[in-house]
Amino acid sequence: MPERALDRAVPFVLGLFRIVVGLLFAAHGAAAVFGVFGGGPKGGTVAVGAWPSWYAAVIQLACGLLVAFGLGTRIAALLASGSMAYAYFVVHQPDGLLPLQNQGEPAAMFCWAFLLLVFTGPGALAVDALFRRRSDDARGTRPLGGEPRGVLSAVQVNPGAGD
């Protein structure tokens with residue numbers, strides 16, 4: 001019984017995960033672009049057009065907000081994940097192999113968190129879902145099999161559990 005309750009909560013927990021990760025990522029970008037929250041990595045703001053810092057900060061701000069709102073989540077998460085992979089391998093890894101050695105833990109964690117969102121989608125509470133629902137209502141179409149039961153509805157989460 002508790003497993004079924006947990007399975008029903010998956011879309012909402014995934015939505016909360018997306019919102020928190022997106023807002024944290026956007027805060028990093030806002031700090032570097034606008035100097036808020038203590039400023040960028042060295043305090044203050046990053047010079048406009050400075051490679052790669054300014055571009056990374058803009059990606060962090062824009063993709064973080066898109067992911068947090070659930071608008072174009074998969075594409076924004078893919079761009080964010082790639083930018084963090086770049087940050088890890090180009091900026092951090094020359095200082096040491098492991099994230100503990102090169103202070104690359106935030107880059108590694110953001111990279112994997114966003115890659116997870118690329119494959120799972122936004123979960124519940126996403127703006128994309130509102131547009132999709134309106135579009136389906138306007139066309140008079142519904143997904144095959146009725147309403148999806150959750151993020152992993154195409155995959156049987158617990159086979160044989162008597163869903």
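User: Which residues form one aromatic cluster in this structure?

Analyst: In this predicted model, the cluster is formed by W51, W54, Y55 and Y86.

User: How many aromatic pairs does the rule give?

Analyst: The count comes to 7 aromatic pairs. One of them is W54 with Y55, with ring centres 5.1 Å apart and planes at 85°.

User: Why are W54 and Y55 called an edge-to-face pair?

Analyst: Rings pair if their centres lie within 6.5 Å, and planes over 60 degrees apart count as edge-to-face.

User: What makes W54 and Y55 partly exposed?

Analyst: Partly exposed lies between the two cut-offs, under 20% for buried and over 50% for exposed. W54 has 23% relative accessibility, so W54 counts as partly exposed. Y55 has a relative accessible area of 38%, so Y55 is partly exposed too.

User: What makes Y88 and F89 an edge-to-face pair?

Analyst: Their centres are 5.3 Å apart, and the angle between the planes is 85°. Planes over 60 degrees apart count as edge-to-face, so the name applies to Y88 and F89.

User: Is Y88 buried or exposed, and is F89 buried or exposed?

Analyst: Y88 has 9% relative accessibility, and because buried means under 20%, Y88 counts as buried. F89 has a relative accessible area of 51%, and because exposed means over 50%, F89 is exposed.

User: Why is S81 called buried, and what is S81 in contact with?

Analyst: S81 is placed in helix α3 (residues 73-92). Its relative accessibility is 6%, under the 20% cut-off, so S81 counts as buried. Leaving aside neighbours within four places in sequence, S81 is in contact with C111, F114 and L115.

User: Which residues does the UniProt annotation "transmembrane region" cover?

Analyst: The unreviewed UniProt entry gives residues 12-37, 49-68, 75-91 and 107-131. In the model, residues 75-91 are 100% helix and 0% strand, with end C-alpha atoms 23 Å apart. Residues 49-68 are 80% helix and 0% strand, and the end C-alpha atoms there lie 25 Å apart.

User: Which residues make the nonpolar surface patch, and where does its largest share come from?

Analyst: L23, L65, L66, F69, L71 and F131 make a patch of about 540 Å². Its largest share, 3 residues, comes from helix α2 (residues 53-69).

User: Why can F131 belong to the patch when F131 is called partly exposed?

Analyst: F131 lies in helix α6 (residues 127-139). The relative accessible area of F131 is 46%, so F131 is partly exposed.

Methods. Residues numbered from 1 in each chain as written. Predicted model: local features only at pLDDT ≥ 70, side-chain atom pairs only at ≥ 80, totals over all residues. Heavy atoms only, no water. Patch = residues over 30% accessible without salt bridge, like charges linked within 9 Å, V, L, I, M, F, W, Y side chains within 5 Å. Areas by Shrake-Rupley, 256 points an atom, 1.4 Å probe, with all protein chains shown as cover. Salt bridge = Lys/Arg side-chain N within 4 Å of Asp/Glu carboxyl O. Helix = DSSP H or I, 4+ residues; strand = E, 2+ residues; numbered from the N terminus. Buried < 20%, exposed > 50% of the residue type's maximum accessible area, 1.4 Å probe, protein only. Phe/Tyr/Trp six-rings, centres within 6.5 Å; stacked < 30°, edge-to-face > 60°. UniProt positions renumbered as here; feature names shortened; annotations may be inferred. Contact = heavy atoms within 4.5 Å.
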